[in-house]
Amino acid sequence: MKKIMFLLLLLTFSGQAQMKSDDVKTFTLKNGMKFLVVEDFSIPNANMYLFYKVGSRNEYQGITGLSHFFEHMMFNGAEKYGPKLFDQTMEFNGGANNAYTTKDVTVYTNWFPASAMEVIFDLEGDRISSLSIDPKIVESERGVVLSERSTGLENSPWRQLSEAVEATAFIEHPYHWSVIGYEDDMKNWKQQDLERYFKMYYAPNNCVVVVSGAIKMAEVKRLAEKYLEPIPAQPEPPKITISEPPQTGERRITVQKEVATPYLMLAYHTPETKNEDYYALNILSAVLSRGQSSRLYSELVNKKQLATVVFTDFGESFNPSLFSIYAVANKEVNPVDLENAIYVEIEKIKNEGISEVELQKIKNQKLMEFYNQVETINGKSNNIGTYEVFFGDYKKMFQAPANYNKITVADVQNVAKKYFTKSNRTVGVLKTNTED
Amino acid sequence: MKPIALKLIIIGLFFLTFSNVTAQGYKLPEYSSFKLPNGLTVYLMEQHDVPVISVSAVLPAGAIYDNEKAGLAFLTAKALKHGTKNFSKLKLDEEIDFIGASISTDASKEFASLSSKFAAKDKDKVLTIIKEIMLDPFFDAEEFEKEKSRLLVGLEQQKESPRAVIGNYFDKLLYGNHVYGNTIQGDISSIGKITVEDIKSFYKTNYKPNQTAISIVGDFSTKEMKTKLTALFSNWKKSKNKIENPALKNIAYPSGNKVLLINKEDAKETTFYIGSAGISRNNPDFVALEVINTLFGGRFTSMLNDELRVNTGLTYGAGSKFNTLKNGGSFVISTFTASKTTEPAIDKSLEVLNKLHTNGIDEKSLTSAKNYVKGQFPPRYETTNQLANLLTQMFWYNFDATFIENFEKNVDSLNIEKANQIIAQYPNISQKTIFNLYWWEKLPTSKILLKNMVL
């Protein structure tokens, strides 16, 4: 990301607040760029979120990290607004921006006083139509992303561990490498790689735009037609043809770093967001780790005191990805004992299922989560865009309550049985002494 | 998680900046306040957009009240949730989680706080629990020992991340023996000695209604809420003596340069703070300095980030901020860079600071910073949580709606002469009293330090 290394797109919620599906207006420009618009006058501000369907899964070895690097280059000058002028112009007009890259998407975010909307359209139109890729700036920006990589590894053992586990769980699929990329690739991206990337992926037909705030739909449409419609569509980017072969046996990996106590990560292959098991897996994730009454927290942290921290992650993805469980060992705890204690909890769910009360708890939590998301114009744009891109339709956001409510205790038990198998998992341990 | 938000330091600006009635057309929603006979101050603000309610409370029970037991305030705040008269810890966790509510208790440097958010329909249940947590905590000994041992491991783990601990070291260096130098979570030796009896006694002294405020913002009726809160909190006994704020003592900021180096064997980069005394929250130049800091180190195009990131690629981000407290504060420049570029990064940081003092700022930059501060203002007060926090901050830092009403006017009234005057007027933001704090792989030759320290 440009300024914030974001990777966790945790977007799970349901329920219904005042906001309805009809509140989202849509149109598609002649070049294929789709717009989703929410008029909301609660504060005199607005935002624009641009979701490009390109991420590190579109890379290959030799150019790893390029999607993220390109995200940086999008701020470094175009035809009308030269180097530095994108940010200078936006901030002069009271706006702020950021961007982030994941394995699947690159997202640009602009937050501004509603009165500055035309400037924002002009800035976006300029960089999408005529980005200039100055070799000198490429060099200095390379230093920035190398610093970003290093500071991530420096400040969190999770970075190192999750990169190793993902690289072990995915052998063939491009989820194998991290969003930031390999250090040697980062030092070797070529000018033509960048130029090709821009043409192929930064096409209006590969982008979904969400605008929310104190703006009128008609005005958004007028500006979109003026600034963005003239940009020509490009051929559909190449499909990703590699799928990860089924894992047929447990994989283990150990990583060395100076740490107070060992870090543990367990990852199971699970399907992509559009798969029918998504909602049950999402509930399973919350049952395991959401709140102090969750199974893993109450057993491992509170009761048995084997861990000081435990959490799970099951996020959105275009291709089959991972359901991950993370834990940090308590003092004097052997990571193997912690690992086995996690399996005990998993086996309980596989054998006995979860209770009706637990299921209801998660549904209640999902409703609150939904309220939190629609409380801000940023939450609205981010969620609407995510549903549109990952679930294939923003309306799924409004159907989410019903989709979660359909899930039964048996469904949750079934996905646990289906995916939480020994041969489907990869186990990573990060510790100081790896000679043990 | 995949590598979660490496939250950058740059966007810090001020500690929290406060609302105004008309910034860019932003209107602070109406609110009311009243005081119970026991002295508890209550703020109520209705917000009906989403059916949720947020609660924020502040109490005179932050790290400045720790005395010799560093971390005591923090552990006490955490222990509030270890069970109450009517709820065991287990029951408490289950009740809160089941309805998707959140209740968290914490201690900051100055005050202890409780914050909560829940669905409006659950208000009776959650407010009762909040009342129990604040008034009738049980302080279960076994739970306390678990909390303490988790904290001890946590303190060791923090050292794995320079970013997580550098601020503590800096504050110790800057504030010396003043209580603002207290480390919120204490240290391994101090925490080891704290007992459950210590926290019971701390609670008895500091958790009192007469210097406490609670704000409630969200989907409710003010009249009904007033009745409810009066019933819940009226029996809370006020303290006989006023709880003195130990931070009101003078701060003896160091008069010369101080450098602290911390060696981390496996570090690949250097993380550093360069800073000095800043301002207190009630400083009349608070808003002006927010604007000035915005253009110096508080946004992406700021002088610091432009030079250290955009022009030279030395770092992923560089920024500065004022941390404002009731009776003082700090100003820090912070960034990080690869070990081998430590020297140029320090040089550049000081060079940019010098430039601010030597050249002042120009009209265009000032206008841009003013527009930015105003434009980014309304989203700070968009949610019930943000608004509830604003109200308790008003209470603690003793400012009111007039400050809020005047915010945009104050930003607008800052002209170039005044801005440059303010820059010159704050010599403590100049090189003369800079402290450096570095964190790198191998201690460097003294050459680098001397070069920057000759003043």
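Modeller: Helices (H or I, at least four residues) and strands (E, at least two) are DSSP runs numbered from the N terminus. This is a predicted model, where local features need pLDDT of at least 70 and side-chain atom pairs count only at pLDDT 80 or more, while totals for chains, interfaces and linings use all residues. Residues are numbered from 1 along each chain as its sequence is written, and chains are lettered from A and ligands numbered from 1 in the order in which they are written.

Biologist: What pLDDT does chain A average?

Modeller: pLDDT is the predictor's confidence in each residue, from 0 to 100. In chain A, 96% of the residues score at least 70, and the average is 93.

Biologist: Which residues of chain A have a pLDDT below 50?

Modeller: Contacts come into this one: two residues are in contact if their C-beta atoms, placed from the backbone, lie within 7 Å. The stretch in question has 61 contacts in the model beyond near neighbours in sequence. The pLDDT is below 50 over residues 3–17.

Biologist: How far apart are the centres of domain 1 and domain 2 of chain A?

Modeller: The bounds come from an automatic or database domain assignment, which gives domain 1 as 21–227 and domain 2 as 251–431. Taken over C-alpha atoms, the centres of these domains of chain A are separated by 28 Å.

Biologist: Which element gives the largest share of the side of domain 1 of chain A that touches domain 2?

Modeller: Here 32 residues of domain 1 meet 30 residues of domain 2 in chain A. On the domain 1 side, two or more residues come from each of S2 (34–39), S3 (45–52), H5 and S6 (207–213) of chain A. The largest share, ten residues, is given by H5(A).

Biologist: Which strands stand at the edges of the open sheet of five strands in chain A, and why is one side of each left without a neighbour?

Modeller: Two strands pair if DSSP finds at least two bridges between them. The order is S7-S11-S8-S10-S9 (chain A), with mixed pairing. Each edge strand has a single partner strand, so one side of each is left without a neighbour in the sheet: these are S7 (251–256) and S9 (307–313) of chain A.

Biologist: Which residue is the bridge partner of A:Val255?

Modeller: S7(A) runs parallel to S11 (residues 425–431) of chain A, and six bridges join them. In S11(A), the partner of A:Val255 is A:Leu430.

Biologist: Is A:Pro320 buried, exposed or partly exposed?

Modeller: A:Pro320 lies in the loop between S9 and S10 of chain A, and among its contacts outside four places in sequence are A:His269 and A:Glu272. A residue is buried if 20 or more other C-beta atoms, placed from the backbone, lie within 10 Å of its own, exposed if 12 or fewer, and partly exposed in between. With 17 such neighbours, A:Pro320 counts as partly exposed.

Biologist: How many residues does H4(A) give to the side of chain A that touches chain B?

Modeller: The contact takes 65 residues from chain A and 62 residues from chain B. Among the elements of chain A supplying at least two residues each are H2 (85–92), H4 (135–155) and H12 (356–374). H4(A) gives the most, and its number of residues is twelve.

Biologist: At about what angle does H1 of chain B run to S5(B)?

Modeller: The sheet here has six strands in the order S2-S3-S7-S4-S6-S5 (chain B), with S2 (32–35) and S5 (102–107) of chain B at its edges. Axes are lines fitted to C-alpha atoms, for helices over the stretch in contact, and angles run from 0 to 180 degrees between N-to-C directions. H1 (residues 72–79) lies across S5 and S6 (112–119) of chain B, and its angle to S5(B) is about 165 degrees.

Biologist: Why is S3(B) described as largely enclosed, and how many of its six residues are buried?

Modeller: S3(B) pairs with S7(B) in the parallel sense over six bridges, and four bridges join it to S2(B), antiparallel. H13 (residues 384–397) of chain B also lies across S3 (41–46), S4, S6 and S7 of chain B. S3(B) is largely enclosed by the rest of the structure because the number of its six residues that are buried is five.
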